[in-house]
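Subject: Structure handover

Hello,

Here is the structure for you to look through. My notes on its cavities and on some helix packing follow below.

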Amino acid sequence: MDYLKSEALESFEALFERGTRMFRAMAVGVANPTEVAKLWRRIADLENDPVRRAEALINLASALDCLGDDERIQAIAITERALKLIEPKHAQAAGINLMAAQRLLENVDHPAPAEIRQALDYLHAALAAPTTATSREVTIAILVRYATAAPRMADFSRLDKARRIFDRLRKRDMSKDEIGQAFNAMVSLYEARWKVEAHRPSLGQAISLSGACLTLLGPDQCYGGVPLLAAFQQRHGVLLMDRYEHTGVRSDFDMAVGLLREASKNSHSHATILNSLANFLLGSDARPPTDLDFNEARRVLDEGFVATVSPKTHAYLRWTEANWFLQAYWRGGPVGYLDRAVEAVEAAAVQRIYLGDTILFTVAHAYYDRYRVGRDADDIERAIDAAQLGLDLCSVTGADRWRQELTAASMYQERAITNRFGFDTDDADRASELLRSAFARLPRDSEMRAQIAANTLASLMERYIEKGDDRSLKAAAEVARMLPDTPQAARSLPGIAAVNVATFHLHFMKSATDRNGWIGLLRDFAMKNTATEPGWLAAANLMHSNVGKDWAAVVEAFHLMAKQRSSRLAAARTPRERAMVLRREQSNACIAGLAYLHLGAFSEAAQLIDESQAVLLASGGGAISPRGGDHWSSIDAIFYPVITRYGAYVLTANESHSRGAVVRDIEFPLPTEPAVPDHAAMVAASSLVEAAFGNSVPGRLLIIPCGALGSFPWAAVPVGTGTLIDHAQISVLPSRNLWQGQEAGLPPDIALVEAAHAIQGASLRHAEAEIREIRNLVSFGVDLWGTNATRSHVGEALKAARSVHFACHGITEFGDPTQTHLVLHKGESLTVGDLLDLDCSSLSLACLSACRSAVHGSVFPDEFASLAVAFLVAGARAALGTLWNVSDVAASLFSRRFFHTLAKGESIPGAARSAQIWLRESSDDDKVRWLDSLNPACNDAERQLRAQLRSHPGRTSFKDPKYWAAFACYG
């Protein structure tokens, strides 16, 4: 019996050895997995020793893994049987638990939550097993798998245990590859806990560990195909940026950008690092990028697109590109950049499976920014839908939750105020709820919390001023409760935050606590920060706080702001920013003018407005220097109509004296689109004229309107039984400094530009007759018709001509006034920006028979950013343009009558007045008789026009102001 037993034992050992050899052969693809599985199943059935039986079961499970999904399920069950055969403290327990976890995590593309939970339980057991203290390879593998599974279940209950094991590992000799794996696992765990739970100590641990790893690595080691040094430079930089976004510590930002630059050098082909670098270079709201960094971000993005073929990385790059386009627009880029941002982020969002749900907040931002420019209701709806979906899907305890809530709050607040059916209470309440939640998530001592709260406070105050709805004021009061409520405490806040808090208490609290203290805070801050934006804001709010209380202090505060003009213009990086500097100064200059008026200094008020008009088109973006010329030889009086948030007033000046008057209880509803204003606006304008001149309007009037009044049709303002044009010849200027005097009569030569057919389906049928008649009057000059009406030919003609007349289409770009243009041959254009680069000083007149050629853009409503004014800034003495879309017939008739009147020796404003009155008052048969007296009809369109006019004798078809009041004379 003993002999037989010994033989059976020897046979089993041989069987086990053969199974081991076959298992190794299967691993290299030589042995058949089915045969290997049969052998190890037989061995497991014969083995009595629990440990060896467990080993046999593990090998059986591994063989079954190679045979498909059904066998994989069986393999998982067999692994569980193997674990039951050994004690938790057994030397093989850690390895077997690790294998069990790997089987659940690796062998399916998307493990079910229950499988991940089971795998995590195995890993918890592996962390507690004794082998983790002795086997370096197994321990590192356990940490790596734990770093994969724990974040997926948001279970960090064994993180401290993992850290103790990791600390023991650090004391042992490890290769740099092992260092990279171990440190990467722990950093991932701490980073994940920070992201999921907003656990700030975990962020600190992740930063500490990634920094420590950088000191241990060299550039020649690789992990996952990426140089280890570059990978950890990227990781450390991302973590530093996370901390910067949460706390606002600027040194973190600088270090993060530096690390990404180094990482990109160490791994030029790694598009993920390039994407992170581009993100860092784009900065944040708290620290906008420099021009150099912003341009480098674009270059890095382009390099990243070339370097990657990965759909995931490409999606990340598109995400970053969307943010680049958004910033590029707000830095002065064209409105089309907003469309490109929407396009890029929508393309990125298709890959949400890779990017996660936070991409939804960039989608929301893109639509929201486009809404703020275009006011398309669909865009604000899409923005809120994306933001709300992001809130629903993203972690409630995540580190970025406060930022996400602020994003959504601003959109809900916007929709509450701009709702076409009236203020939306539900949206306003939702915005307030999100704001409170966002601020509660930030540490009370965080500089970022105070800064965001103060910025939100400022936004709500602005909306209240704009819309006058008490809900915005109520929301502002809620935010104010999160900030200091005394001047002394507020002085500890960051600059703009302190200014905003002081402004709220001075302007919006019914009984301001310590008014003198808040005034003192603003004054001290303004005087100590004379070259900074916060200092300017302090001075501006100091000025507003004294309106109606201390007019001399208003003037003093304004001049304190004016001293900062040069430094603020120097700090402005884009034309849009420079224009905004000047626009705000012009608006405040109007208020300072009101103060001068109350102080009886009328000429000082007028001079202030002339010097502060923010003519966007001026060379260098600043106010225009006086050009000289005797005003009083050509005009009888200057009229300054001004509307401010504190009421309207008028100033007048003639050769001998100046005066002014406040116009009380006036509302001035201006149209949202270029068109004839409604009756209420006309009555309001009439009140301004009456306050200035009573019943005696000067015969030659120069109007210098402020802000949006620059596009008002002053010719049509009711005066007595007629309109202003019945009492005076009118010319308009943004500033008296643009005055150059006027030449009466027709210039000796003229450049005629006709591009009537440049836009398909919108031909100007009467332009040919208009051009022919003007050429009959002035025989000298160049004719640029059809294919000759190109940008280059027109530019050359403008340098030498004494006058120019355009008969073409005009296109107004409200979002970017410098791109407003006249349409030339084959879609070429002559833009406002082009005119600023030309010398038009030889021109005595530029006549623009084109739609909206005197309309400025909506982005800068306080500037005269129109084609007509662009000609003045470029050197022309006078210009004619239109304030809205005018019919082809009306423009052609006006132009012909205008030039015939000029030919009789009349001044430009006088000829414009005469042509407008003729167009309005003469009957249709009078018009056709006049046309017939000039020349026979030159084409079918002209013959049809004359036939139509003859068919209605006695009728005045052009009496409506929409036909004649659009024409405005500048200069």
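A cavity here is a set of grid points where a 1.4 Å probe fits but cannot get out, and its volume is the space filled by probe spheres set on those points. Please keep in mind that this is a predicted model.

Cavities

By that definition, the structure holds two cavities of 30 Å³ or more. Sorted by class, the lining of the largest cavity comes to 15 nonpolar, three polar and one charged residues.

The second largest cavity has about 30 Å³ of space. Its lining consists of S634, I635, R700, L701, Q729, S731, Q742 and P909. Here β6 (700-703) and β9 each contribute at least two residues. By class, the lining of the second largest cavity has three nonpolar, four polar and one charged residues.

Packing around α13

The other thing I looked at is helix α13, residues 271-281, with two helices that it contacts.

With α14 (residues 291-307), the axes come within 8 Å and cross at roughly 160 degrees. Angles over 145 degrees count as roughly antiparallel, so α13 is roughly antiparallel to α14. The crossing of this pair is left-handed. On the α13 side the contact is made by A271, L274, L277, A278 and L281; on the α14 side by D293, F294, E296, A297, V300, L301, E303, G304 and A307. The residues of this contact are ten nonpolar, one polar and three charged.

With helix α15 (residues 311-330), the axes of α13 and α15 come within 10 Å and cross at roughly 15 degrees. Angles under 35 degrees count as roughly parallel, so α13 is roughly parallel to α15. α13 also passes α15 in a left-handed crossing. In this contact A271, T272, N275, A278 and N279 of α13 meet T313, Y316, L317, T320 and N323 of α15. By class the contact of α13 with α15 has four nonpolar, six polar and no charged residues.

If you want to follow α13 in the viewer, A271 and A278 are listed in its contact with α14 and also in its contact with α15.

Regards

Note on methods
Residues are numbered from 1 along each chain as its sequence is written. This is a predicted model: local features need pLDDT of at least 70, side-chain atom pairs count only at pLDDT 80 or more; totals for chains, interfaces and linings use all residues. Side-chain values use heavy atoms; hydrogens and water are left out. Axes are lines fitted to C-alpha atoms, for helices over the stretch in contact, and angles run from 0 to 180 degrees between N-to-C directions. Helices (H or I, at least four residues) and strands (E, at least two) are DSSP runs, numbered from the N terminus. Angles under 35 degrees count as roughly parallel, over 145 as roughly antiparallel, 65 to 115 as roughly perpendicular and the rest as oblique. A crossing is left-handed if the near helix is turned anticlockwise from the far one by less than a right angle, and right-handed if clockwise. Contact means heavy atoms within 4.5 Å. Ala, Val, Leu, Ile, Met, Phe, Trp, Tyr, Cys and Pro count as nonpolar, Asp, Glu, Lys and Arg as charged, and the others, Gly among them, as polar. On a 1 Å grid over the protein atoms alone, a cavity is a set of points where a 1.4 Å probe fits but cannot get out, and a pocket is an open set with protein on both sides within 12 Å along at least five of seven lines; lining residues have an atom within 4 Å of a point.
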